[in-house]
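Subject: Structure for your study

Dear colleague,

Please find below the structure that I am handing over to you.

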Amino acid sequence: MDWKDILTEPLGKDLSEFSRFLSARGINHRIVECDGCQVLRSSYDRDTINIWFEQWCAGQLDIPPLIPKNNSGVSFPKPLKILARYPIVLITSTLAVLIYVLARYSDAPLLWLAFQDTRINSSGFLYTDAAIDGIASGQWWRLLTPIFLHFSLLHLLFNGLWLIEFGRRIESLQSHTVLLVVIITSGIVSNLCQYIYQPSVLFGGLSGVIYGLFGYSWLLGYWQSRVENGAQRSIAPPPGIAPFLFFWLLFCMSGVLRIVDIHVANAAHISGLLSGFLMAIIYRFK
(Lines give C-alpha, C1' and ligand atoms only; values in the text may rest on other atoms or scores of the structure.)
Protein backbone atom coordinates (compact mmCIF):
# COMPACT_ATOMS: atom_id res chain seq x y z
CA MET A 1 0.00 0.00 0.00
CA ASP A 2 1.41 3.42 -1.04
CA TRP A 3 1.07 5.58 2.07
CA LYS A 4 1.33 9.37 1.58
CA ASP A 5 1.53 12.24 4.07
CA ILE A 6 -1.80 14.03 3.60
CA LEU A 7 -2.12 16.45 6.54
CA THR A 8 0.24 17.91 9.12
CA GLU A 9 -1.33 19.40 12.23
CA PRO A 10 -0.13 20.48 15.72
CA LEU A 11 -0.07 17.83 18.42
CA GLY A 12 -2.72 19.69 20.40
CA LYS A 13 -5.38 19.38 17.68
CA ASP A 14 -7.84 16.55 18.26
CA LEU A 15 -8.28 14.64 14.98
CA SER A 16 -10.28 11.75 16.42
CA GLU A 17 -13.60 12.92 14.95
CA PHE A 18 -12.10 13.37 11.50
CA SER A 19 -10.43 9.98 11.78
CA ARG A 20 -13.82 8.46 12.66
CA PHE A 21 -15.31 10.10 9.56
CA LEU A 22 -12.64 8.53 7.35
CA SER A 23 -13.09 5.13 8.97
CA ALA A 24 -16.86 5.28 8.39
CA ARG A 25 -16.12 5.74 4.68
CA GLY A 26 -13.79 2.74 4.65
CA ILE A 27 -10.66 4.82 4.01
CA ASN A 28 -7.47 3.28 5.35
CA HIS A 29 -5.41 5.83 7.21
CA ARG A 30 -3.20 6.33 10.23
CA ILE A 31 -2.19 9.28 12.40
CA VAL A 32 1.41 9.32 13.58
CA GLU A 33 3.64 11.73 15.49
CA CYS A 34 6.50 13.12 13.42
CA ASP A 35 8.88 16.02 14.23
CA GLY A 36 6.64 17.42 16.93
CA CYS A 37 3.48 17.29 14.80
CA GLN A 38 0.79 14.77 14.02
CA VAL A 39 0.69 13.52 10.45
CA LEU A 40 -2.28 11.87 8.78
CA ARG A 41 -1.15 9.29 6.23
CA SER A 42 -3.28 7.48 3.69
CA SER A 43 -3.17 5.94 0.22
CA TYR A 44 -6.43 7.73 -0.67
CA ASP A 45 -6.65 10.82 -2.90
CA ARG A 46 -4.91 13.75 -1.18
CA ASP A 47 -7.14 16.51 -2.60
CA THR A 48 -10.36 14.77 -1.55
CA ILE A 49 -9.16 14.29 2.03
CA ASN A 50 -8.06 17.94 2.18
CA ILE A 51 -11.51 19.11 1.03
CA TRP A 52 -13.17 16.94 3.68
CA PHE A 53 -10.75 18.30 6.28
CA GLU A 54 -11.65 21.90 5.42
CA GLN A 55 -15.35 21.02 5.66
CA TRP A 56 -14.74 19.35 9.00
CA CYS A 57 -12.92 22.39 10.35
CA ALA A 58 -15.88 24.52 9.21
CA GLY A 59 -18.36 22.16 10.94
CA GLN A 60 -19.93 21.08 7.66
CA LEU A 61 -19.40 17.30 7.95
CA ASP A 62 -21.74 14.75 9.49
CA ILE A 63 -19.54 12.82 11.91
CA PRO A 64 -20.79 9.32 12.88
CA PRO A 65 -21.53 9.04 16.61
CA LEU A 66 -19.02 7.32 18.87
CA ILE A 67 -20.54 3.96 19.81
CA PRO A 68 -19.61 2.69 23.27
CA LYS A 69 -17.86 -0.67 23.30
CA ASN A 70 -20.55 -2.11 25.57
CA ASN A 71 -23.80 -0.16 25.51
CA SER A 72 -26.06 -3.16 26.05
CA GLY A 73 -25.17 -3.73 29.68
CA VAL A 74 -24.76 -7.44 28.94
CA SER A 75 -21.51 -9.05 29.97
CA PHE A 76 -20.90 -12.76 29.60
CA PRO A 77 -18.84 -14.57 32.27
CA LYS A 78 -15.25 -15.24 31.27
CA PRO A 79 -15.67 -19.06 31.36
CA LEU A 80 -18.44 -18.83 28.75
CA LYS A 81 -16.26 -16.66 26.53
CA ILE A 82 -13.46 -19.21 26.80
CA LEU A 83 -15.78 -22.11 25.95
CA ALA A 84 -17.13 -20.20 22.95
CA ARG A 85 -13.60 -20.06 21.52
CA TYR A 86 -13.31 -23.87 21.47
CA PRO A 87 -16.69 -25.29 20.36
CA ILE A 88 -15.23 -28.46 18.76
CA VAL A 89 -13.26 -29.30 21.91
CA LEU A 90 -16.37 -28.60 24.00
CA ILE A 91 -18.72 -30.70 21.87
CA THR A 92 -16.30 -33.64 21.61
CA SER A 93 -15.54 -33.76 25.34
CA THR A 94 -19.22 -33.30 26.27
CA LEU A 95 -20.27 -36.22 24.06
CA ALA A 96 -17.59 -38.42 25.61
CA VAL A 97 -18.76 -37.55 29.14
CA LEU A 98 -22.46 -38.03 28.35
CA ILE A 99 -21.88 -41.39 26.67
CA TYR A 100 -19.70 -42.54 29.57
CA VAL A 101 -22.46 -41.65 32.05
CA LEU A 102 -25.14 -43.34 29.94
CA ALA A 103 -23.02 -46.48 29.64
CA ARG A 104 -22.98 -46.77 33.45
CA TYR A 105 -26.76 -47.30 33.44
CA SER A 106 -27.47 -48.88 30.06
CA ASP A 107 -25.91 -51.21 27.51
CA ALA A 108 -27.33 -49.14 24.65
CA PRO A 109 -24.17 -47.04 24.01
CA LEU A 110 -22.06 -50.16 23.50
CA LEU A 111 -24.72 -51.82 21.35
CA TRP A 112 -25.04 -48.81 19.05
CA LEU A 113 -21.60 -47.20 19.06
CA ALA A 114 -19.05 -50.04 19.13
CA PHE A 115 -17.15 -50.82 15.94
CA GLN A 116 -17.96 -54.54 16.01
CA ASP A 117 -21.39 -56.03 16.52
CA THR A 118 -22.02 -56.24 20.26
CA ARG A 119 -24.84 -58.38 21.59
CA ILE A 120 -26.35 -59.64 24.83
CA ASN A 121 -26.43 -63.40 25.22
CA SER A 122 -29.13 -65.48 26.92
CA SER A 123 -27.42 -65.07 30.31
CA GLY A 124 -27.53 -61.27 30.04
CA PHE A 125 -23.81 -60.78 29.39
CA LEU A 126 -22.43 -58.50 26.70
CA TYR A 127 -20.18 -60.13 24.15
CA THR A 128 -18.59 -59.08 20.91
CA ASP A 129 -16.98 -60.84 17.98
CA ALA A 130 -15.26 -59.91 14.74
CA ALA A 131 -18.50 -59.36 12.84
CA ILE A 132 -19.25 -55.87 11.51
CA ASP A 133 -22.69 -56.52 10.08
CA GLY A 134 -23.84 -53.17 11.43
CA ILE A 135 -21.35 -51.21 9.36
CA ALA A 136 -21.99 -53.43 6.35
CA SER A 137 -25.71 -52.71 6.61
CA GLY A 138 -25.23 -48.94 6.58
CA GLN A 139 -24.44 -48.00 10.19
CA TRP A 140 -21.49 -45.91 9.07
CA TRP A 141 -21.32 -43.93 12.30
CA ARG A 142 -19.65 -46.97 13.91
CA LEU A 143 -16.49 -46.11 11.97
CA LEU A 144 -16.07 -43.07 14.24
CA THR A 145 -18.22 -43.48 17.36
CA PRO A 146 -15.92 -45.87 19.27
CA ILE A 147 -13.84 -42.79 20.12
CA PHE A 148 -16.62 -41.75 22.53
CA LEU A 149 -16.62 -45.06 24.44
CA HIS A 150 -14.52 -45.08 27.63
CA PHE A 151 -14.39 -48.00 30.03
CA SER A 152 -13.19 -46.20 33.19
CA LEU A 153 -13.26 -42.73 34.67
CA LEU A 154 -9.46 -42.55 34.63
CA HIS A 155 -9.49 -43.45 30.94
CA LEU A 156 -11.95 -40.63 30.25
CA LEU A 157 -10.09 -38.03 32.31
CA PHE A 158 -6.72 -38.91 30.80
CA ASN A 159 -7.99 -38.56 27.24
CA GLY A 160 -10.09 -35.50 28.05
CA LEU A 161 -7.14 -33.53 29.40
CA TRP A 162 -5.04 -34.28 26.32
CA LEU A 163 -7.96 -33.33 24.07
CA ILE A 164 -8.10 -29.92 25.74
CA GLU A 165 -4.32 -29.49 25.56
CA PHE A 166 -3.97 -30.21 21.84
CA GLY A 167 -7.44 -29.32 20.60
CA ARG A 168 -7.48 -25.77 21.90
CA ARG A 169 -4.16 -25.01 20.18
CA ILE A 170 -5.35 -26.22 16.79
CA GLU A 171 -8.78 -24.60 17.15
CA SER A 172 -7.47 -21.18 18.22
CA LEU A 173 -4.36 -20.96 16.00
CA GLN A 174 -5.90 -22.53 12.90
CA SER A 175 -9.66 -23.09 12.74
CA HIS A 176 -12.62 -25.11 14.01
CA THR A 177 -12.77 -26.91 10.66
CA VAL A 178 -9.14 -28.04 10.80
CA LEU A 179 -9.62 -29.49 14.29
CA LEU A 180 -12.81 -31.28 13.22
CA VAL A 181 -11.07 -32.80 10.19
CA VAL A 182 -8.13 -34.01 12.30
CA ILE A 183 -10.47 -35.57 14.90
CA ILE A 184 -12.67 -37.34 12.34
CA THR A 185 -9.78 -38.55 10.18
CA SER A 186 -7.58 -39.81 13.02
CA GLY A 187 -10.64 -41.34 14.71
CA ILE A 188 -11.70 -43.37 11.68
CA VAL A 189 -8.13 -44.41 10.79
CA SER A 190 -7.29 -45.51 14.35
CA ASN A 191 -10.56 -47.44 14.69
CA LEU A 192 -10.05 -49.26 11.39
CA CYS A 193 -6.45 -50.19 12.20
CA GLN A 194 -7.31 -51.38 15.70
CA TYR A 195 -10.10 -53.56 14.31
CA ILE A 196 -7.81 -55.04 11.66
CA TYR A 197 -5.17 -55.78 14.32
CA GLN A 198 -7.57 -57.32 16.89
CA PRO A 199 -10.96 -57.85 15.22
CA SER A 200 -12.60 -59.75 18.07
CA VAL A 201 -11.54 -57.41 20.91
CA LEU A 202 -13.89 -54.60 21.99
CA PHE A 203 -12.12 -51.23 21.97
CA GLY A 204 -12.94 -47.58 22.45
CA GLY A 205 -11.67 -44.21 23.60
CA LEU A 206 -10.12 -41.02 22.30
CA SER A 207 -6.55 -42.31 22.57
CA GLY A 208 -6.07 -42.74 18.82
CA VAL A 209 -7.44 -39.24 18.24
CA ILE A 210 -5.17 -37.84 20.95
CA TYR A 211 -2.13 -39.27 19.21
CA GLY A 212 -3.45 -37.91 15.92
CA LEU A 213 -3.76 -34.41 17.41
CA PHE A 214 -0.34 -34.75 18.98
CA GLY A 215 1.34 -35.90 15.77
CA TYR A 216 -0.32 -33.12 13.77
CA SER A 217 0.52 -30.28 16.16
CA TRP A 218 4.01 -31.57 16.99
CA LEU A 219 5.13 -31.87 13.36
CA LEU A 220 3.62 -28.52 12.33
CA GLY A 221 5.21 -26.91 15.39
CA TYR A 222 8.57 -28.34 14.38
CA TRP A 223 8.29 -26.68 10.95
CA GLN A 224 7.19 -23.40 12.52
CA SER A 225 10.20 -23.29 14.81
CA ARG A 226 12.87 -24.60 12.40
CA VAL A 227 11.76 -23.70 8.90
CA GLU A 228 9.84 -20.49 9.51
CA ASN A 229 12.35 -19.02 11.97
CA GLY A 230 10.19 -19.57 14.99
CA ALA A 231 6.56 -18.54 15.30
CA GLN A 232 5.71 -16.72 18.52
CA ARG A 233 2.43 -18.59 18.93
CA SER A 234 3.58 -22.05 17.96
CA ILE A 235 1.00 -24.78 17.63
CA ALA A 236 3.53 -27.25 19.04
CA PRO A 237 2.87 -28.74 22.50
CA PRO A 238 4.94 -27.40 25.43
CA PRO A 239 8.39 -28.88 26.05
CA GLY A 240 8.31 -32.24 27.82
CA ILE A 241 4.99 -33.43 26.43
CA ALA A 242 6.40 -35.01 23.27
CA PRO A 243 8.99 -37.16 25.12
CA PHE A 244 6.32 -38.28 27.59
CA LEU A 245 3.83 -39.32 24.89
CA PHE A 246 6.48 -41.15 22.87
CA PHE A 247 7.59 -42.92 26.06
CA TRP A 248 3.98 -43.81 26.91
CA LEU A 249 3.48 -45.21 23.41
CA LEU A 250 6.52 -47.50 23.75
CA PHE A 251 5.63 -48.40 27.34
CA CYS A 252 2.14 -49.54 26.32
CA MET A 253 3.56 -51.52 23.41
CA SER A 254 5.90 -53.37 25.77
CA GLY A 255 2.96 -55.28 27.26
CA VAL A 256 3.83 -54.42 30.87
CA LEU A 257 0.32 -53.13 31.55
CA ARG A 258 -1.18 -56.53 30.76
CA ILE A 259 0.31 -57.76 34.04
CA VAL A 260 -2.22 -55.58 35.88
CA ASP A 261 -4.99 -56.52 33.41
CA ILE A 262 -4.91 -53.20 31.51
CA HIS A 263 -5.38 -53.65 27.79
CA VAL A 264 -4.26 -50.85 25.48
CA ALA A 265 -5.28 -50.27 21.86
CA ASN A 266 -1.72 -49.98 20.58
CA ALA A 267 -2.69 -50.20 16.93
CA ALA A 268 -5.02 -47.22 17.43
CA HIS A 269 -2.22 -45.22 19.07
CA ILE A 270 0.31 -45.89 16.31
CA SER A 271 -2.10 -45.39 13.41
CA GLY A 272 -3.51 -42.24 15.02
CA LEU A 273 -0.01 -40.81 15.37
CA LEU A 274 0.88 -41.64 11.75
CA SER A 275 -2.38 -40.14 10.48
CA GLY A 276 -1.57 -36.96 12.39
CA PHE A 277 1.86 -36.81 10.76
CA LEU A 278 0.31 -37.34 7.33
CA MET A 279 -2.29 -34.59 7.84
CA ALA A 280 0.46 -32.19 8.97
CA ILE A 281 2.42 -32.94 5.81
CA ILE A 282 -0.67 -32.39 3.64
CA TYR A 283 -1.49 -29.13 5.42
CA ARG A 284 2.09 -27.92 5.09
CA PHE A 285 2.57 -28.71 1.41
CA LYS A 286 -0.98 -28.44 0.09
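Predicted model: local features only at pLDDT ≥ 70, side-chain atom pairs only at ≥ 80, totals over all residues.

In helix α1, which spans residues 16-24, the buried residues are Phe 18, Ser 19, Phe 21 and Leu 22. Buried means a relative accessible area under 20%, exposed means over 50%, and partly exposed lies in between, with a 1.4 Å probe and protein chains only. Helices (H or I, at least four residues) and strands (E, at least two) are DSSP runs, numbered from the N terminus.

Residues are numbered from 1 along each chain as its sequence is written, and side-chain values use heavy atoms, with hydrogens and water left out.

What do the buried residues of α1 pack against? Their partners are the strands β1 (4-10), β2 (29-34) and β3 (37-42), together with helix α2 (46-57). Contact here means heavy atoms within 4.5 Å. Just after α1, Gly 26 takes a positive phi of about 75°.

Ile 63 also belongs to this part of the account. Ile 63 lies in the loop between α2 and α3 (78-85) and is partly exposed, with a relative accessible area of 23%. Leaving out residues up to four places away in sequence, Ile 63 touches Glu 17, Arg 20, Phe 21 and Trp 56.

Not counting residues up to four places away in sequence, Glu 9 touches Leu 15, Cys 37, Gln 38 and Phe 53. From C-alpha to C-alpha, Glu 9 and Val 39 are 6.5 Å apart in space, although 30 residues apart in sequence.

Leu 110 is found in helix α5 (residues 108-113) and is buried, with a relative accessible area of 15%. Between the C-alpha atoms of Leu 110 and Thr 128 there are 9.9 Å, and these residues are 18 residues apart along the chain.

Phe 148 lies in the loop between α6 (133-136) and α7. This residue is buried, with a relative accessible area of 11%. Apart from neighbours within four places in sequence, Phe 148 is in contact with Thr 92, Leu 95, Ala 96 and Ile 99. Phe 148 and Gly 205 are 57 residues apart in sequence, and their C-alpha atoms are 5.6 Å apart in space.

**Helices α7 and α8**

How do the axes of α7 (residues 153-173) and α8 (residues 176-197) cross? They come within 7 Å and cross at roughly 135°. Axes are lines fitted to C-alpha atoms, for helices over the stretch in contact, and angles run from 0 to 180 degrees between N-to-C directions. The two helices α7 and α8 are therefore oblique to each other: angles under 35 degrees count as roughly parallel, over 145 as roughly antiparallel, 65 to 115 as roughly perpendicular, and the rest as oblique.

On the α7 side, Leu 163, Gly 167, Ile 170 and Glu 171 meet His 176, Val 178, Leu 179 and Ile 183 of α8. The residues of this contact divide into five nonpolar, two polar and one charged. Ala, Val, Leu, Ile, Met, Phe, Trp, Tyr, Cys and Pro count as nonpolar, Asp, Glu, Lys and Arg as charged, and the others, Gly among them, as polar.

**The chain overall**

The chain has 11 helices and five strands. Of its 286 residues, 38% count as buried.

Yours sincerely
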